[in-house]
Amino acid sequence: WNFGDDTPNASGDSVEHIYAVTGNYVITMNGTVEGKSYTFHTVLRVDKPSVVSLTDDSFDDWDNVDYPDFQLGGQDNLLGGEVDYDANYIYFFVEYSSADAGGQADLETAVMDLYMDVDNSVATGFSSSIGAELLFEGNIPTEWFDYYQFTGAAQGDWSWDYISRDNAIKLGHTEVNGDIISLEFGVSREAFGINKDAFGLRMDIYYGD
């Protein structure tokens with residue numbers, strides 16, 4: 001086993017290794033099966049852990065996300081939220097109001113647009129204020145979501161190409177309390193090749209498509 005971090009190689013059918021620094025590492029394994037030699041490679045992203053769980057049927061873990069930069073402001077009916085990440089997902093907690101929407105923005109009918117700047121540069125991607133390379137549009141709880149990549153020649157172009165991704169978004173807990181709707185979800189970093197730990201985002205919630 002070569003762990004890609006300049007540490008000594010290790011041998012064995014199963015090994016443990018601790019990385020000292022976050023980053024992307026190419027792991028190489030050489031092995032023999034039934035007399036034939038094989039070499040396998042994979043890329044491993046090592047990053048900070050997250051306090052967020054998408055399987056605990058609660059939002060209580062978000063109380064521990066207290067970094068100022070991870071707090072999301074809102075306006076109009078989008079009330080705000082929070083964001084966190086680990087090596088596997090970027091996690092989102094979002095609250096919005098469906099008041100005065102005429103039944104058009106409940107948990108399963110609201111249309112959500114999530115713009116993401118994944119290269120940490122507002123000089124590339126859509127809009128000089130967002131710099132978004134990716135656009136996700138649909139309704140997360142109903143698993144209808146389309147994915148787009150910005151292809152415009154200029155940042156002001158509305159030009160996106162549809163891209164297909166599997167297992168790209170994972171839904172967590174949802175709650176409806178009167179007009180207030182809360183949900184959490186994770187965006188797969190592997191599915192979109194999101195390797196940086198600094199990124200920008202904007203979410204819009206619409207009452208119709």
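**Figure 1. Contacts of Met 112 in the predicted model.** Leaving aside neighbours within four places in sequence, Met 112 of this predicted model is in contact with Tyr 96, Phe 136, Glu 137, Gly 138, Asn 139, Ile 140, Pro 141, Phe 145, Leu 183, Met 203, Asp 204 and Ile 205. Met 112 belongs to the largest nonpolar core, which has 41 residues, and is named together with Tyr 96, Met 116, Phe 136, Phe 185 and Phe 192 as touching the most other members. Two or more residues of this core are given by each of strand 4 (78-85), strand 5 (89-97), strand 6, strand 7, strand 8 (144-150), strand 11 (180-188), helix 1 (189-192) and strand 12. Strand 5 provides the largest share, seven residues. In soluble globular proteins, nonpolar side chains tend to be buried together.

**Figure 2. Aromatic pairing at Phe 145 and Tyr 147.** The model has a count of 21 aromatic pairs. In one of these, the ring centres of Phe 145 and Tyr 147 are 6.2 Å apart and the ring planes meet at 55°, so the pair is classed as tilted. Both Phe 145 and Tyr 147 are buried, and Phe 145 is also one of the residues in contact with Met 112.

**Figure 3. A lysine over a tyrosine ring.** Lys 48 is placed over the face of Tyr 85, at a distance of 4.6 Å from the ring centre.

**Figure 4. The open sheet that runs 3-4-5-11-10.** Five strands make up this open sheet, and their pairing is antiparallel. Strand 3 (71-72) and strand 10 (169-177) stand at the edges with a single partner strand each, so one side of each is left without a neighbour in the sheet. Strands of a sheet pair through backbone hydrogen bonds, either parallel or antiparallel.

Figure 5. Strand 3 and strand 4 are joined in the antiparallel sense by two bridges, with Leu 72 opposite Gly 81 and Gln 71 opposite Glu 82. These two strands form a hairpin that has five residues between them, and Asp 76 in the turn has a positive phi of about 55°. Strand 4 also pairs with strand 5, again in the antiparallel sense, over seven bridges, and here the hairpin has three residues between the strands. Strand 4 is mostly covered, with seven of its eight residues buried.

**Figure 6. The open sheet that runs 9-8-7-6-12.** This open sheet is likewise formed by five strands with antiparallel pairing. Its edge strands, strand 9 (160-163) and strand 12, each pair on one side only. On average, and with direction ignored, neighbouring strands of the sheet are turned by 25° against each other. Within the sheet, strand 6 and strand 7 run antiparallel and are joined by five bridges, and Asp 113 has Glu 137 in strand 7 as its bridge partner. Glu 137 is also in contact with Met 112. In a regular strand the side chains alternate between the two faces of the sheet.

Figure 7. Ser 127 is found in the loop that links strand 6 (111-117) to strand 7 (134-139). With a relative accessible area of 14%, Ser 127 falls under the 20% cut-off and therefore counts as buried. Residues up to four places away in sequence not being counted, Ser 127 touches Val 122 and Gln 155. Gly 208, by contrast, lies in the segment after strand 12 (200-206), and its relative accessible area of 37% makes Gly 208 partly exposed. Gly 208 and Ser 58 are separated by 150 residues in sequence and by 28 Å in space, taken from C-alpha to C-alpha.

Methods:
Residues numbered from 1 in each chain as written. Predicted model: local features only at pLDDT ≥ 70, side-chain atom pairs only at ≥ 80, totals over all residues. Heavy atoms only, no water. Helix = DSSP H or I, 4+ residues; strand = E, 2+ residues; numbered from the N terminus. Buried < 20%, exposed > 50% of the residue type's maximum accessible area, 1.4 Å probe, protein only. Contact = heavy atoms within 4.5 Å. Phe/Tyr/Trp six-rings, centres within 6.5 Å; stacked < 30°, edge-to-face > 60°. Lys NZ or Arg CZ within 6 Å of the ring centre and 35° of its normal. Core = buried A, V, L, I, M, F, W, Y, C linked by side-chain atoms within 4.5 Å. Pairing = 2+ DSSP bridges. Axes fitted to C-alpha atoms, helices over the stretch in contact; angles between N-to-C directions.
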